2 protein chains.
Amino acid sequence: MADNFQGDKNKVRQILDAVKKAGRDSLTAPEGKLVCDAYGISVPKEGVVSSAAEAQKLAASMGFPVVMKIVSPDILHKTEAGGVLVGVKSAEEAAKGYDTIIANAKKYKSDAHIMGVQIQQMIKGGQEVIVGAVTDGSFGKLVAFGLGGVLVEVLKDITFRLAPATKEDALSMLDGIQAAEMLKGVRGSDPVSREALSSLIVRVSQLVSDFPEISEMDLNPVFASKDGAIAADVRIVLDFAAKAPRYRPPEDQVLASMKRIMQPASLAVIGASAEDGKIGNSVMKNLINGGYKGKIYPIHPKATEIMGYQAYKSVKDVPGTIDTAVFAIPAKLVAGALVECGEKKIAGAVLIPSGFAETGNMDGQQELVEIGRKYNIRLMGPNIYGFYYTPANLCATFCTAYDVKGSAALSSQSGGIGMAIIGFSRSAKMGVSAIVGLGNKSDIDEDDLLIFFEQDDNTKVIAQHCEDLKDGRAFAEVAKRVSRKKPVIMLKAGRTSAGAKAASSHTGALAGNDKIYEDVLRQSGVIRARSLRDLLDFARGVPILPTPKGENVVIITGAGGSGVLLSDSCVDNNLKLMPMPDDLDKAFRKFIPPFGAAGNPVDITGGEPPQTYANTVRLGLEDDRIHALILGYWHTIVTPPMVFAKLMVEVVEEMRAKGKVKPVVVSLAGDVQVEEAAQYLYEHGIPAYAYSTEIPVAVLGAKYQWARGAGLL
Amino acid sequence: MADNFQGDKNKVRQILDAVKKAGRDSLTAPEGKLVCDAYGISVPKEGVVSSAAEAQKLAASMGFPVVMKIVSPDILHKTEAGGVLVGVKSAEEAAKGYDTIIANAKKYKSDAHIMGVQIQQMIKGGQEVIVGAVTDGSFGKLVAFGLGGVLVEVLKDITFRLAPATKEDALSMLDGIQAAEMLKGVRGSDPVSREALSSLIVRVSQLVSDFPEISEMDLNPVFASKDGAIAADVRIVLDFAAKAPRYRPPEDQVLASMKRIMQPASLAVIGASAEDGKIGNSVMKNLINGGYKGKIYPIHPKATEIMGYQAYKSVKDVPGTIDTAVFAIPAKLVAGALVECGEKKIAGAVLIPSGFAETGNMDGQQELVEIGRKYNIRLMGPNIYGFYYTPANLCATFCTAYDVKGSAALSSQSGGIGMAIIGFSRSAKMGVSAIVGLGNKSDIDEDDLLIFFEQDDNTKVIAQHCEDLKDGRAFAEVAKRVSRKKPVIMLKAGRTSAGAKAASSHTGALAGNDKIYEDVLRQSGVIRARSLRDLLDFARGVPILPTPKGENVVIITGAGGSGVLLSDSCVDNNLKLMPMPDDLDKAFRKFIPPFGAAGNPVDITGGEPPQTYANTVRLGLEDDRIHALILGYWHTIVTPPMVFAKLMVEVVEEMRAKGKVKPVVVSLAGDVQVEEAAQYLYEHGIPAYAYSTEIPVAVLGAKYQWARGAGLL
């Protein structure tokens, strides 16, 4: 069945129009059946016949068994009248059954007005499942799938995808519930038809996408068997209220603006100040001391010069073009200055000032949004720390400067989390391409950043903290494309209901249903960080790891105890420990003591000299059956931390020169000197972590998750 | 129903003896029913009556409805003969039913030999559940509980407790499955009788405990309803092979030995050496430089003096008592020296040497075990780094010395993990009372350590890394008691099947079923760490936190974004955010800007001066309805990190002086200066973490988990 399923739209349109006209907001069962028919969604077939020949023909067209029932306004107790036959198994039986029922009916009530015999497809057991659709405020239409029954309700075992869903999406839903095994046939029962069930999901998702007024749809239960999937009950709820279309500039326009904002040739600081402690002063200092090479125009009502730069009363007085304006003035002055920016055709406004939606000043923020749209100025913020873009030595922020160049582009919705990003980056010497504050997200949001970083050669990984996605659908669409090129990592705050409640009182964000976020982010290839530290560790480690070429992971460890914990972490992070082939096992054994354990983990044992690490790691990198290495180092007098670190860098670089480029991560167990060794390894392209067996494996796991999502594995 | 349930042991003994005599290893259904009867485990009641009066009486004694069936060798088709009545609902109906059945039978076959009418309790729907028992190599008898049905099998939703289980244990099992809500009545169905179901679990657990030869038992399904719990099918498997009793010295003896080992007045170093690089030299240096004040006796075959201490050829040559002997000699010499230690009545041998079970030398290790038992010497190791006991300035190890005194006692089964413990401790300035290597655990294991640390006033928290528990039952029994006094934290490696496989090739350990560990550790009040870092962070943070007096947690944050993530973490860690009473809300609002959010989290907003933190935290500590505080600090120019840290310490200490002693943890978001602030806070009794919203809440969560398990909340 093709992905781009075409239903009979005209037919559905007619039905919905009639319902709208009738002033109803849901469909009757017969209307629901007609809608399903128009989209090829199986419901029990039925029809009324008035001869044995017709009965034979209709029943055969449905497939057996069927149920046959007398249709007569005069016969209320059909069974008593001998007017019902259940489990009719063949065309012949159906023909004979027709005659029997008519005869019985006449015998029961000779003067009954007989309209015919109804033939209905009999639904055989199979597995009860639920297929449905909902409309989410951020993501729009979503299709849902789960098993039927109370237990599943209790366990909330349901999965969502953006509608319309592709066949591949639909198939992933069948595997995406906890109880997926139930569909594969357990205790000798037949597996369900994945083809039929996924087709049903695709059709439902297409139907709700074609008709935005279908706000909810429930097929519950659907009987899924090895032969098909039939919806026994259909419920369709409508909402005819027109939705305001979302404001969304075309992507090329987004990119053009974002480039001018992030890589400005010239920059105005509105509210620049020479006075220590003022925000406008901090911004000026950061721009100058950070080494920004573009033009800087301080804007000040009175000053003629600030910190050596000629000052202007308004951006309109500045000769030549200005790309970006950084605002460092009180909230009440922002709108006026923004209009001037508009008239000056500035591409973007970095709105540091607070005092807008986060303080309840919704109107003030809306005013900015309207000015922005009118003049086509994109707004970052308000209520932000600003942003850093290190390739341009640009620190457009009032926070401390940061200049360690690297390939991670981070953003945060919250200023506090932004400060944590800066602190961690500095402490861990994480190279970044950008750090961006999004604050109230009145305009620029995560997908605008994705569009810029997608084409930014300085950026290899994008890591975002967010509390809500104002347009989840737009984000998902962009993320799906971008994540195939570069890993996109997200820390979605407000995961829990308590968190969501806190989020709703912060930055005006309303957290959505977390399960929807979970599924849509995965569908979009986004790696979800579970904690702030995960976000930071992934941003730091993932970009320096080469992409693995296959799923075979091998652990080489000096500490057997680390090997066990590393193995646990592999399972937790969905990494596959390669079963060790005999010849490789023998090859590893040559290098390790007789009481060491080959297999996987390769346990070289604790007392070994540096050469044993080198020999086994070289072998692991050389053999093409192995795709990634996890090393467990144990600090001993024989192999001190820095000796190990330098040797590993040598071996990895030697093998890289030979084209053996594989991800390697390291867990270091030892005294404090392992911290220096970890930093050395990291700086040489090997993510390494002291006192942790979990973090290195989680970082490798994130890289694998990305590579799988991007279709590279 | 009393916890200490007494079944009819004699009756069961008779049945099992007969089965054994018959050479069978499982019970027939009737035997199973008799065993159940003897322990008051409900199975469908049944009996045969031969009069209407008897029918009336028996049916009434069973409870209604009942099923009635003719019993006659001459009537095969009972239903056809009118010999079956289903759903008989009253005593009267039963009496009448008897007459009807007899009459029908006589009508059907006048010469039939009628033996009576069978009356059987009719099991009404209710919820299908499974109650069972298994025998685990480490934990012994365990009782199991889960829902019935295929879906539950697929989801592996089952829970275990050590048998015999108390009523409280059994009740916790009903709440301990994912699908617990099913038992409470969903979609209008009745809740099951918790009394009946928990009694059934207690009885099964008592039965398998009373009769060790019952190796497996399955009641599947059990029909649980609001009226009772009836096992419809009973399966009992026997294993008559006698188990060797576990070697287990009495606890007072364990404690006496452990005290001499951990707090020795005198210590021998067997294999002491003056030569740099030798293990026996490192041990001597650590003892001397560590500041150990007891007597040190170097043992060496030739030397008369080592590092200023008189040397002896054998421990037997030493005048006076020796408490502990540290071994630093090759494996092959250990047994001989150990015999001499035995003759010298040394309490414990710290067996650093490797070359035993971990290298496949099982016999060599067994030899040591036998010598140890013969002479009553307890063995630590072999294959270990030794141990540290800081209150005695004792570094009985070849690793680097460690002397930061504190209240965490850590142990590890693996040397590598031990090194990570030492490195982390030094780096984080974690005070420890002890760090102990257990290695091959030929003798001393985790429960021996628990017995010592339980009474050690220098220890406030016990944190253990282990790959297996050789005697899980002994551990659980001791841990249950100790954990009520001091938090016991465990990192159980080999959680996953891959991890377990790695564990089985390491230190000869075989990992058990992780779900059993999970449940039994919880039953024993042990806090389970999910990662090495968690183990270390909990060991560091938990002992310095005061015990909370209630469940009401309040978040006070400068960064709204941190507030959201902290709320998420509260849910993840099972902490309860207090709904803010109106008066307290008003009181908080007095201190925060009008656009800040009160409620919980209390969002004081980012631009606030130190005093706002002080005011709100003081209020949080003062009000007795609040039991714990989580602070989210946001680094700003107005409130720099160290200003915040010092002020918080002042406020907390001021309130502690007033008797307001509550746990406070801090998450710091900011530039690198927050690291110094975090360390300052930690050193003043406030666990604080930079760049993380998860770790502080997890540490508080661990403290709460302990307090709940210890019955303090």
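Reader: Two strands pair if DSSP finds at least two bridges between them. In what order do the four strands of the open sheet in chain B come?

Author: The order is β1-β4-β2-β3, with antiparallel pairing. Strands here are DSSP runs of E, at least two residues long, and helices are runs of H or I with at least four, numbered from the N terminus. This is a predicted model: local features need pLDDT of at least 70 and side-chain atom pairs count only at pLDDT 80 or more, while totals for chains, interfaces and linings use all residues. Residues are numbered from 1 along each chain as its sequence is written, and chains are lettered from A and ligands numbered from 1 in the order in which they are written.

Reader: Thanks! Which strands are at the edges?

Author: β1 (46–49) and β3 (84–88) of chain B, each of which pairs on one side only. On average, neighbouring strands are turned by 20° against each other, direction ignored.

Reader: And how many bridges join β1(B) to β4(B)?

Author: Four, linking β1(B) with residues 116–121. V48(B), for instance, has Q118(B) as its bridge partner.

Reader: Which helices pack on that sheet?

Author: Helix α3 (residues 52–62) of chain B touches β1, β2, β3 and β4, and its direction makes about 15° with β4(B). Axes are lines fitted to C-alpha atoms, for helices over the stretch in contact, and angles run from 0 to 180 degrees between N-to-C directions.

Reader: Switching to chain A, how do α13(A) and α14(A) pack?

Author: Helix α13 (residues 446–454) and helix α14 (residues 472–482) have axes 9 Å apart, at an angle of about 20°. They are therefore roughly parallel (angles under 35 degrees).

Reader: Which residues meet there?

Author: L450(A) and I451(A) are among those from α13(A), and F475(A) and V478(A) among those from α14(A). Altogether there are seven nonpolar residues, no polar ones and three charged. Ala, Val, Leu, Ile, Met, Phe, Trp, Tyr, Cys and Pro count as nonpolar, Asp, Glu, Lys and Arg as charged, and the others, Gly among them, as polar.

Methods: Parallel < 35°, antiparallel > 145°, perpendicular 65-115°, else oblique. Contact = placed C-beta atoms within 7 Å.
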